[in-house]
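The following report concerns the chain shown below. Please keep the sequence and the structure in view while reading.

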Amino acid sequence: MDLIAHIAQQFEDSANAKIAAVDAMAAPIAGAIEAMTHTLMNGGKILACGNGGSAADCQHFAAELIGRFERERPELAAVALTTDTSAITAIANDYSYEQIFAKQVRGLGQAGDVLLAISTSGNSGNVMAAIEAAHQRDIRVVALTGKGGGKIGAMLRDGDVHLCVPHDRTARIQEVHILAIHCICDGIDCLLLGSEA
């Protein structure tokens, strides 16, 4: 096996997946930026949930907003619902794993907040339950999915934003997800601070 060629193909496949996603995703990403910025400017917060690599993406996203992305600015309210192990394990033990995010959304979320719901397949049961809880609380949903959007794509409402990566391979979807997250962070900064010269 030519390992160098194999690695080069991974880079090429990743770049091609990102380029192929631009037309489908640029407008919804802009919509997500506008929705999140509106929420933050009106005293709301962004809650984020997902499993595995998507859980890490939630934490990455929240860290960029609470700290900073590329420019200095005041702290922005974002909470990764993937980090409180006591809450997650208590809810999973006492109720079910499917409720680990939904109960946090109902406990922490307020009308006017935004839920960033990440699922590469679009079929994660606990993320779907979180979306249902968000809808009950009049919380707008920004869903990051792939593989056609799955069940999550079908459950989104008017006013929600669907960022669906047009790809079927999990690794490529996750790579586009992190680019979309960086675009959102950059876009929020641009709307709050103006474009850099």
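## Two loop residues with positive phi

K147 is located in the loop that links strand 4 to helix 6. In this predicted model, the phi angle of K147 is near 55 degrees, a positive value in a residue other than glycine. Most residues other than glycine have a negative phi. The relative accessibility of K147 is 36%, so this residue counts as partly exposed.

D138 belongs to the loop between helix 5 and strand 4. Its phi is near 60 degrees, again a positive value in a residue other than glycine. D138 is exposed, because its relative accessible area is 58% and the cut-off for that class is over 50%.

## Strand 4 and its partners

Strand 4 comprises residues 140-146, and six of its seven residues are buried, so the strand is largely enclosed by the rest of the structure. On one side, strand 4 is joined by five bridges to strand 3 (residues 114-118), and the two run parallel. Within this pairing, L144 of strand 4 stands opposite I118.

How many strands does the open sheet have, and in what order? It has five, arranged in the order 2-1-3-4-5 with parallel pairing. Strand 2 (78-80) and strand 5 are the edge strands, each pairing on one side only. From one strand to the next, the twist averages 15 degrees. Strands of a sheet pair through backbone hydrogen bonds, either parallel or antiparallel.

Strand 1 (residues 46-49) pairs with strand 3 over four bridges, in the parallel sense. In that pairing, L47 has L115 of strand 3 as its bridge partner.

## Helices packed on the sheet

Helix 7 packs on the sheet and touches strand 3, strand 4 and strand 5. The direction of helix 7 makes about 145 degrees with that of strand 4. Helix 2 (residues 53-66) lies across strand 1, strand 2 and strand 3, and runs at about 155 degrees to strand 2.

Helix 7 (residues 170-193) also packs against helix 1 (residues 3-41), at an angle of about 40 degrees and with the axes 7 Å apart. The crossing of helix 1 with helix 7 is right-handed. The residues of this contact comprise 17 nonpolar, four polar and five charged.

## Individual residues and their surroundings

C185 lies in helix 7. Is C185 buried or exposed? The residue counts as buried, because its relative accessibility is 0% and the cut-off for burial is under 20%. Residues up to four places away in sequence aside, C185 touches F61, E64, L65 and F69. The C-alpha atoms of C185 and E70 are 8.8 Å apart, although the two residues are 115 residues apart in sequence.

T120 is found in the loop between strand 3 and helix 5. With a relative accessible area of 14%, T120 is buried. Its contacts, leaving aside neighbours within four places in sequence, are S54, T145, G146, K147, T170, I173, Q174 and H177. One of these is K147, the residue in the loop between strand 4 and helix 6.

H38, by contrast, is a residue of helix 1 that counts as exposed, at 54% relative accessibility. The C-alpha atoms of H38 and S119 are separated by 24 Å, and these residues are 81 residues apart along the chain.

Definitions and conventions. Residues numbered from 1 in each chain as written. Predicted model: local features only at pLDDT ≥ 70, side-chain atom pairs only at ≥ 80, totals over all residues. Heavy atoms only, no water. Buried < 20%, exposed > 50% of the residue type's maximum accessible area, 1.4 Å probe, protein only. Pairing = 2+ DSSP bridges. Axes fitted to C-alpha atoms, helices over the stretch in contact; angles between N-to-C directions. Left-handed = near helix turned anticlockwise from the far one by under 90°. Nonpolar A, V, L, I, M, F, W, Y, C, P; charged D, E, K, R; others polar. Contact = heavy atoms within 4.5 Å.
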